[in-house]
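Subject: the two-chain model

Hi,

Here is the structure I promised to pass on. Have a look at it first, and then read my notes below.

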Amino acid sequence: MTGQAFVGQSIKRLEDPDLLRGRGQFVDDIALPGLLEAAFVRSPFAHARFSAIDVTQALEVPGVVAVFTAVDLPPELHGKRILLQVPNPAITCPVTQEPLASEEVCFVGEAVAVVIADTRHAAEDGAERVVVDWEPLGAVGHCEAALEIDAPPVHSAMGDNVAARFSLGYGDVDTAFRSAAHVFRERYDVHRGTGNPMECRGIVASYDRADGSFRVWTSTQTPHNARRALVDMFGMAEDRIRVMTPDVGGGFGPKNQMYPEEIVIPAVARLLERPVKWIEDRREHFLTTTQERDQVWEMQAAVDDDGKIQAIRGSLIHDAGAYLPWGTIMPYISASTLPGPYIIPAYKLDITVAFTSMVPTTPLRGAGRPQAVFVMERLLDLIARELKLDPAEVRDRNFIPAEAMPYEMGLTYRDGAPVIYDSGDYPEAQRRALERAGYGDFRARQEAARAEGRYIGIGIGNYVEGTGLGPFEGATVRVLSSGRVAIYSGAAATGQATRTMLSQVCADELGITPDDVDVVLGDTGVIARGAGTYASRITVNAGSSVRSAATQVRGKLLALAAAKFEVSPDALELADGEVRITGEQGDRISFAELARMTSGMPGFVLPKGVAPDLEASGYFTPQQATYSNGCHVAEVEVDPETGLVRILKYTVVHDCGTVVNPMLVDGQVQGGVAHGVGNALLERMVYDEDANPLTASFADYLMPTAETVPGCDIVHMESPTPLNPLGAKGAGEGGTIPAPAAIIAAVENALEPFGVRIATAPVTPQQIVQLIAETQQDKQEQRETA
Amino acid sequence: MTHDGRHRREIGMTVNGEPRSAVAEDRVSLADFLRHGLGLTGTHLGCEHGVCGACTVIVDGQAVRGCLMLAVQAEGADVRTVEGLAADDGALSPLQQAFMDHHGLQCGFCTPGILMTLSAHLPQNPDAAEAEIRELLSGNICRCTGYETIVQAALTALRSAGETAR
């Protein structure tokens, strides 16, 4: 061993030198000879039928090579829809998109034709000249409106817009409510936002007639799932389709599924026998890339006189959008996340998933959890206000104590396993966060500020997050003949520095440095199976698999060297890319020599029991999720005149078990909080009643900027999980999950003198001004009545 | 005008100190010209409506949005892109090194635009404080980092430039 543990250190990223020099290879950077470009013809209506599509004018545009509608696609695609990611018996109508809509479109932006040309400009010129004979139909622009008795059906073949109904819960809720000292009620609305990675989606596909194979480069989080969908769609053998992820410019969830364009582009590349590229533009991203968060919650909490929760019940309407690519997992996650770090003796939630005439919803950083945490934390603030208790105190009285770990909540998680929190100290996380945030003297500071006419407030958000989901992620570790070590994994990175993280784990096991490791990710050609990057799962799954594979390779290196030196493997050690006899000068052999010996050298006899090639694969298969947790405290100042919110201080205490690279985890948390700031104060994807998108550019849809996002004070707690060899839990989404809860609580607290209550996220400056005006008007009316 | 009616011409400019030229349609943006005409794919396009700043390059000393300027408008200009920041031997510039040291990038897609925005403005604002850096960066959207590490990298680069000057 080198004695140096790289796990736990803030190693600089292996990814950076190329990206900083402009040498990244993103999908739009891929240049193939004879490459053609695509532009899609999309629906201007949220719901319409169409009959004829006239492409004659488009074909006359200089540079246009071909135009394809649904009937022009290869016959094996006819009548097929994209594979549903997560089927569930509760789904009444498991409908996903067609590659190109064949007779009906169900949201603005759904594609009906594709124009292929020698340049993107020509393709777009052609797309403008495709004439579609539309027959507009009724549409719905909100999930509550979708469930009204006279709502137009989102899909004309359906009787109503219910995609699924189910209930989740445990314990005797009704008895608890009958005997409760207090019952508090509130309705909460959370709105849709976007993923908006800075790189939009994109795909390049080429088909080789010689061996009947596809090569597909796509900006995805899940290359193996993309191949699975292509195999299903084209009915081809797995080994004839190679999906590769180049550098991916951010994912955040919406790149975690198969889109129609990812089927159509390979199909037309095969028909034309030319490579074809499609790069989504930002407007298309707003129209067609999945979104998330529209939910309506009607909630009740039964509470005793001390503020201890006896039961929670309520209903949740979840907006599925027009299709169900991911089934119903977001509302399921919402429902199972709601109890969070608190003891809820009895709980029942009735969930309705509604189709709407908007782009489908799928997991977006947090995946149903930000909504649930917003609702739970707002309920706790409601209890505190009604019982005149401090919000921190109410939480303290309801926390699951650290001694209760592992804690079985009583619910089943989305992976089918019971929700069992594996480790963590929730009261301590809040205690540390409050201390760092200066909570103790905040009320005095608030009084002083109010005396100056300034409105400052503080808010708390606690959460527990299921992370590190299976079924598995795999890794192969191989010693190359150069002596360098290669890692191959299906885990496609979208900015998390997965290469760096995996190289740290591998280096510790093999006595080398991260610089000695080459990591190839997200390529179905280098590893048989993969799941992908989502659900804060890669360090847990791929990290554990690399650990396991590297341990096996270590055993092979030792066995081989032991045979060569005629010593016991116990007498050997690994250091600096060599195997040495411990404590002796002289006998040593490099990884490179050992690799050459096992690579098929003629005449060389492998030692008994040693398999050829210094290679091993691991597939870590967790039996349940690991539960990360944390506490966020936001301090804000609100200008009641303009509604503008400034975040003065933001404190994060975060527990994701063993931290492999603190610098990277800090980066995930800080970036996650930024997304949460957007969800709290800025980002609202607005549709009108007829489901027309009104915020389809960065001029209308506001993203967090350097001026709105504060630098966070981040504290790591490390409660290693017993559920994997690294002790790691996920860290990718925890920054976002409680941020709207904490920030909006702080805004409400700042506006306490006005009596403003906020039960919606985001809350924009306009809404804040309006809320203040409404409360002032109410007070005025009360005075007049009195 | 060519035989099929598309307006194309040869466009020349100095890019990162080298004379470069390629044939492109009049309507091609500077960013698309750099990427697909000259093969300099380090400049990225994030929104194509001038908000996100990913395509920022330096034209005759000024930071411009490569998506809002036509290539023909940059005819004869002196253009600097992210590919020109590192030294000829490949060594990272102090600004690039500061980004690496401070974890100032994650997916790296917005990074070239941010580096070029800072490269154009930092030399003119050697005493910039954090608030000024944040204002300067408010025209560049980054979805990954939450900006704090970018701000710290910029401040570090400014300080190291100040020390070099002294």
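A residue counts as buried here when its relative accessible area is under 20%. By that cut-off, 56% of the 166 residues in chain B are buried. One caveat before you go further: this is a predicted model.

Chain B first. It has five helices and five strands, and along the sequence they run β-β-α-β-β-β-α-α-α-α. Its radius of gyration is 17 Å, close to the 15 Å that the globule rule gives for 166 residues, so chain B is as compact as a globular protein of that length. Along the principal axes, its C-alpha atoms fill a box of roughly 55 × 30 × 25 Å. Of the contacts in chain B with a separation of 6 or more, 53% are between residues 24 or more positions apart.

Which part of chain B is largely enclosed by the rest of the structure? That is helix 3 (residues 111-121), because ten of its eleven residues are buried. The buried ones include P112(B), G113(B), L115(B) and M116(B).

Now chain A. The secondary structure here comes to 19 helices and 29 strands. The radius of gyration of chain A is 28 Å, close to the 28 Å from the globule rule for 786 residues, so this chain too is as compact as a globular protein of its length. The box filled by its C-alpha atoms is roughly 105 × 75 × 50 Å along the principal axes. Buried residues account for 65% of the 786 in chain A. Among its contacts between residues at least 6 apart in sequence, 81% join residues at least 24 apart. Chain A exposes about 27,100 Å², and carbon and sulfur atoms supply 49% of that.

There's a helix pair in chain A to look at. Two packed helices are described by the angle between their axes and the distance between the axes. For helix 14 (residues 498-510) and helix 15 (residues 538-565) of chain A, the axes come within 9 Å and cross at roughly 30°. The crossing is right-handed. On the helix 14 side, the residues involved include M501(A), L502(A) and V505(A), and they meet a set in helix 15 that includes A542(A), V546(A) and R547(A). The residues of this contact divide into eleven nonpolar, four polar and three charged.

Most residues other than glycine have a negative phi, and most peptide bonds are trans. In chain A, a cis peptide bond joins M405(A) and P406(A), with omega about -10°; P406(A) sits in the loop between helix 11 and strand 16. Another cis bond joins A761(A) and P762(A), with omega about 0°, and P762(A) lies in the loop between strand 29 and helix 19.

As for positive phi, N196(A) has a value near 45°. This residue is in the loop between strand 8 and strand 9 of chain A, and is buried at 0% relative accessibility. S536(A) also has a positive phi, about 45°, although it is not a glycine. S536(A) belongs to the loop between strand 21 and helix 15 of chain A, and counts as buried at 13% relative accessibility.

Cheers

Notes. Residues are numbered from 1 along each chain as its sequence is written. Chains are lettered from A and ligands numbered from 1 in the order in which they are written. This is a predicted model: local features need pLDDT of at least 70, side-chain atom pairs count only at pLDDT 80 or more; totals for chains, interfaces and linings use all residues. Side-chain values use heavy atoms; hydrogens and water are left out. Axes are lines fitted to C-alpha atoms, for helices over the stretch in contact, and angles run from 0 to 180 degrees between N-to-C directions. Helices (H or I, at least four residues) and strands (E, at least two) are DSSP runs, numbered from the N terminus. A crossing is left-handed if the near helix is turned anticlockwise from the far one by less than a right angle, and right-handed if clockwise. Contact means heavy atoms within 4.5 Å. Ala, Val, Leu, Ile, Met, Phe, Trp, Tyr, Cys and Pro count as nonpolar, Asp, Glu, Lys and Arg as charged, and the others, Gly among them, as polar. The radius of gyration is taken over C-alpha atoms; the globule rule is 2.2 Å times the number of residues to the power 0.38. Buried means under 20% relative accessible area, exposed over 50%, partly exposed in between (1.4 Å probe, protein chains only). Accessible areas come from the Shrake-Rupley method with a 1.4 Å probe; for residues, only the protein chains shown count as cover.
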